[in-house]
Amino acid sequence: MKVNSPHARDVMYHLHPFTNLAQHQESGPDIFRRGEGIYVFDDDGKRYIEGLAGLWCASLGFSEQRLVDAATRQLELLPVYHNFAHKAVEPAINLAEFLVEQAPTPMSKVFFTNSGSEANDTQVKLVWYYNNILGRPQKKKIIARHGAYHGITLAAASLTGMQYAHNAFDVPIKNIIHTDCPHYYHYGEAGENEEEYSSRLATNLENLILEEGPDTIAAFIVEPFLGAGGVIPPPTGYYEKIQPLLERYDILLIVDEVISGFYRTGNMFATEIYGLKPDLITMAKALSAAYQPLGAVMINEKIHQVLIEGSRKFGIFGTGFTYSGHPVPCAVALEAQKIYQERRIGEHVKSVMSCFQHRLHAFADHPLVGETRGLGLIGAVELVEDKATRTNFDPARKVGPWVMNRAQEHGLIIRALINDTLAFCPPLIIDEQQINEMFDCFAKALDDAMHHFAGNGD
Ligand SMILES: Cc1ncc(COP(=O)(O)O)c(C=O)c1O
């Protein structure tokens, strides 16, 4: 590394998110310089398929000129303004209207944030505020699930059910608790089918609600399928058994569509696929095709009415960010939504997803693979040491990260998640030939891993 190279300066000055900081001192960064379609190019000009669309977000790839133009137009017209104290900007109005009209279940209002984490933090605040205004200050606990990922601001990190988000950060905060991770492959018991497993999880949830006291439980938050926790679709019958409990005990449902929203599954929202009935919905990432940071919370009229009541009591609704409804990200998001509709991106996803799922599930026969899973244009391959007992490798061997690095050498960027799970979530514009190219690269990395790890214990 040359002393003044970007690599050296990165190590010297830049504290990276979600990075092993000790290792980074040795390895430095991989620097990326430009993008084209589903590909990104590093500073040596080497081309990679971005098999995770960046961080599950670059739905329209890396060179959509219309989004650049939409940002430029807005920057020239009104580059920044706010929405506090009755002020408004048209892109925020138009985007809010669009989202409410397209909502998967009847919704009423949209509140903008800069990220998915901020949106989920806002959800927690809204749920607490709602119950305070309703005069039930004890009804505050929010149940999330082990294995969930909801972000990393204080309340969102608390909702996240992953140890790495909690280690030494003094979270979860008060009033956030967790129930079972709904992963049949690992937690289903011998002789128990998926439906029975779902019944057991529903019973566990009901027992938790009863133990804590139903009058203390305010909300349940779910990703329709777990995303960063391993791309885990729910077991059969799961939501059919869970949702009646929420109704029975007057518990709000927050659906986090940050990864699943905007056609990742072929449908605009995964809420539709699972028949969910959210009171609040979280959105981000593909909302703006990730060309500008943007998140949003959408609430139904039941919640909205209570917020209005709050303002009658307290005056202003005392939450919001300088950049809530910033005109540039909202203009870009509107353009992204227009592109999704004009290019029928949902139909496109439906037309290529069988190829994607077919190639993904073909890895199930590989000696290193325990489970393949996914839906739409998202999926994962989980590696195991022992297929029969479904036992993962010792994490110290870093088998998943090894495969991820090897795939990168072969020109494919993917992500190694917990339990040596490799995740795929390419830009939605990917075609069948590129899907084949992506999985061909992965096949090479997996075969390399088999030779590397065959019995050598390292
Ligand atoms: C389901 C889900 N919710 C929330 C978040 C947090 O979003 P952000 O990273 O924009 O804060 C993520 C990020 O991956 C996510 O996958």
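**Close-ups of the domain interface and the ligand site**

View 1. Across the boundary, 38 residues of domain 1 are in contact with 32 residues of domain 2 (contact means heavy atoms within 4.5 Å). This is a predicted model: local features need pLDDT of at least 70, side-chain atom pairs count only at pLDDT 80 or more, and totals for chains, interfaces and linings use all residues. Numbering runs from 1 along each chain as its sequence is written, and side-chain values use heavy atoms, with hydrogens and water left out. Domain 1 takes in 31-63 + 344-453, and domain 2 is 68-342, with bounds from an automatic or database domain assignment. Their C-alpha centres sit 26 Å apart. About 2,700 Å² is buried between domain 1 and domain 2, with carbon and sulfur atoms giving 63% of that (buried area is the accessible area, 1.4 Å probe, that two parts lose on being put together, summed over both).

**View 2. The shell around the ligand.** Among the residues surrounding the ligand are Ser115, Asn120, Tyr149, His150, Glu223 and Ile259 (near means a heavy atom within 4 Å). Helix H6 (residues 116-133) gives the most to this shell, with 3 residues; helices are DSSP runs of H or I, at least four residues.

**View 3. Polar atoms at the ligand.** Aspartate 256 puts a polar side-chain atom 2.7 Å from a ligand nitrogen. Lysine 285 has a polar side-chain atom 2.9 Å from a ligand oxygen, while for glycine 116 a polar backbone atom is 2.9 Å from an oxygen of the ligand. The protein covers 84% of the 390 Å² of accessible area that the ligand has on its own (Shrake-Rupley method, 1.4 Å probe).

Terms used. A polar contact is a pair of N or O atoms within 3.5 Å; within protein, one must be able to donate a hydrogen and the other to accept it, and residues adjacent in sequence count only if both atoms are side-chain atoms. Helices (H or I, at least four residues) and strands (E, at least two) are DSSP runs, numbered from the N terminus.
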